[in-house]
Structures are given as structure tokens and as C-alpha cells.
Amino acid sequence: MDMDDVQELVRRVRQKYVDQFVSAVGELAANSQGSHTTEVKFSNVDSFYRNFIAVDFVANDGQPNPQFINSDTYLKFSPDIRAEIGGMDALISPFKWDEVHFKFDTKDLDDDLFDEWFRTWFDIDGERETMEIVGNIIHSTQLLDGQLTVDFGTADVDAFWHLLQILSRSGVRSLAIGTDDIAQPLN
């Protein structure tokens, strides 16, 4: 599989999630009696990077009712894809756009570069805020020893590729990408 095919695959994974997100928001909004909004940012949420998370949908039928929209299916492909991306050996297994596991030696991650990526794509400063359903932001990240998990939310595929650039610039030389512990460390 060449790089154009990998880029198209990532685009299709994202589109599958965004289509489901928009459909679920429509159903939740139709069942809501009061006001509602999408992609509401919360702070002070333990275990998430910088303690930030974006909740997919919040209805206010007298009191706030935050709800998450999780992928129930994902684009399957076989066999796993091996690719050289930005000087990194990558093994790509099927993954959900809202739960992508990046397995690599996390001590290699450049904290400043990663923080800049997070600030941009989470849109901490609200520079890209919109009234649209799809706000083009990531919803959360969790950085654990040996694994970074990202809910790319409604972010464009550029967020995915920008993150891979950050990993490459940090000196990561091999990584596995997948969901549900599908991705196995490279040998």
C-alpha cells in the first residue's frame, strides 16, 4: 500500500466517525427538550492530558446532561499495513477515529512539541470555535507509559498527520497504530 492509499484510508476512518457523530447528534437533539450544543470543553478532568476533555453533546433540559458519542463500528482492513511515515516504521491496524492508540517509547516524545500540537487541535484558546456541529477539534488525549490514546473527535485528518510529524520530530523511529490493543509493538 502506498502513501496515497494510507492517506485515503485515514480519511475514510475519519469520515466514518464524523458521519456517525452527525447522525447521533441529530437524534440526541431531536430528543432534547431544551437547548443543546456539541463539543463542550471541560477542564479539571483527571487522567486526561492537561485535564481537558471535550464532551460530544450537552443538552440542557433543566440541568446539563453531557453525553459521549462512541464509535460502535470501525473501518476494518486486513492485513495490517506496514509503512514508512516521516522516517518512522509504522504498523497500522484497524482503528476508531475516536480511540486511536499510538504505541511507542513515550520517553522519546518532545513535551513542548506535543503540547503545541494539543493546544492547536484541542483549540484551548477557542480560536476556531463555531456554531457548527463539526467543530474540527480533538476531544481528548491520554498519555500513558508506552501509549498515547487520542480521541480525534471532529478534527480534520490534518490533526492525525500533524501528530505523526510531531512524533517523527521527537525522534520516534517505530510505532504501532490501532484500537482495542490491536496494534502490537514493532520488533
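In this predicted model, the largest nonpolar core comprises 53 residues. Those with the most contacts inside the core are Phe 102, Trp 117, Phe 152, Phe 160, Leu 164, Leu 167 and Leu 175. Helix α1 is the main contributor, giving the most to this core with ten residues.

Leaving aside residues up to four places away in sequence, Leu 167 touches Met 88, Phe 102, Phe 104, Leu 109, Val 172 and Leu 175. Two of these partners, Phe 102 and Leu 175, are themselves listed among the core residues with the most contacts.The contact between Leu 167 and Phe 104 bridges a separation of 63 residues in sequence. Their C-alpha atoms lie 9.2 Å apart in space.

Phe 104 itself sits in a loop, between β6 (100–103) and α2 (111–122). Phe 104 counts as buried because its relative accessibility is 6%, and the cut-off for burial is under 20%. With residues up to four places away in sequence again set aside, Phe 104 touches Leu 109, Gly 146, Gln 147, Leu 148, Leu 167, Val 172, Ser 174 and Leu 175. Leu 109, Val 172 and Leu 175 are also touched by Leu 167.

One of the Phe 104 contacts, Gly 146, belongs to the hairpin of β7 and β8. Two residues separate the strands of this hairpin, and Gly 146 takes a positive phi near 90°. Strands β7 (residues 140–144) and β8 (residues 147–151) are antiparallel and pair over five bridges. Within this pairing, Gln 142 has Thr 149 of β8 as its bridge partner.

A further set of strands forms an open sheet. Three strands take part, in the order β1-β2-β3, with antiparallel pairing. The edges are β1 (35–42) and β3 (64–67), each of which pairs on one side only. From one strand to the next, the twist averages 35°. Helix α1 (residues 3–30) packs on this sheet and touches β1, β2 and β3. The direction of α1 makes about 25° with that of β2.

The strand pairs can be taken in turn. Seven bridges join β1 to β2 (residues 53–60) in the antiparallel sense. Here Val 40 stands opposite Val 55 in β2. Strands β2 and β3 also run antiparallel, joined by four bridges. Val 58 has Pro 66 in β3 as its bridge partner. A hairpin is formed by β2 and β3, with three residues between them. In its turn, Gly 62 has a positive phi of about 110°.

Most residues other than glycine have a negative phi. Glu 39 lies in strand β1. Its relative accessible area is 10%, so Glu 39 is buried. Arg 50 likewise has a positive phi, near 55°. Arg 50 is found in the loop between β1 and β2. With a relative accessible area of 37%, Arg 50 is partly exposed.

Glu 39 also takes part in the lining of the largest pocket. About 330 Å³ of space lies in this pocket, and 17 residues line it. Nearest its centre are Thr 37, Thr 38, Glu 39, Thr 130 and Glu 132. The elements that give two or more residues to the lining are α1 and β1. Strand β1 gives the most, with six residues.

The structure holds one cavity of 30 Å³ or more. The largest cavity contains about 50 Å³ of space. Its lining consists of Val 13, Lys 16, Tyr 17, Gln 20, Ser 71, Thr 73, Tyr 74, Leu 75, Phe 95, Lys 96 and Trp 97.

Note on methods
Residues numbered from 1 in each chain as written. Predicted model: local features only at pLDDT ≥ 70, side-chain atom pairs only at ≥ 80, totals over all residues. Heavy atoms only, no water. Pairing = 2+ DSSP bridges. Axes fitted to C-alpha atoms, helices over the stretch in contact; angles between N-to-C directions. Contact = heavy atoms within 4.5 Å. Core = buried A, V, L, I, M, F, W, Y, C linked by side-chain atoms within 4.5 Å. Buried < 20%, exposed > 50% of the residue type's maximum accessible area, 1.4 Å probe, protein only. 1 Å grid on protein atoms, 1.4 Å probe; cavity = no way out; pocket = protein on both sides within 12 Å on 5 of 7 lines; lining within 4 Å. Points joined across faces, edges and corners; volume = space filled by probe spheres on them.
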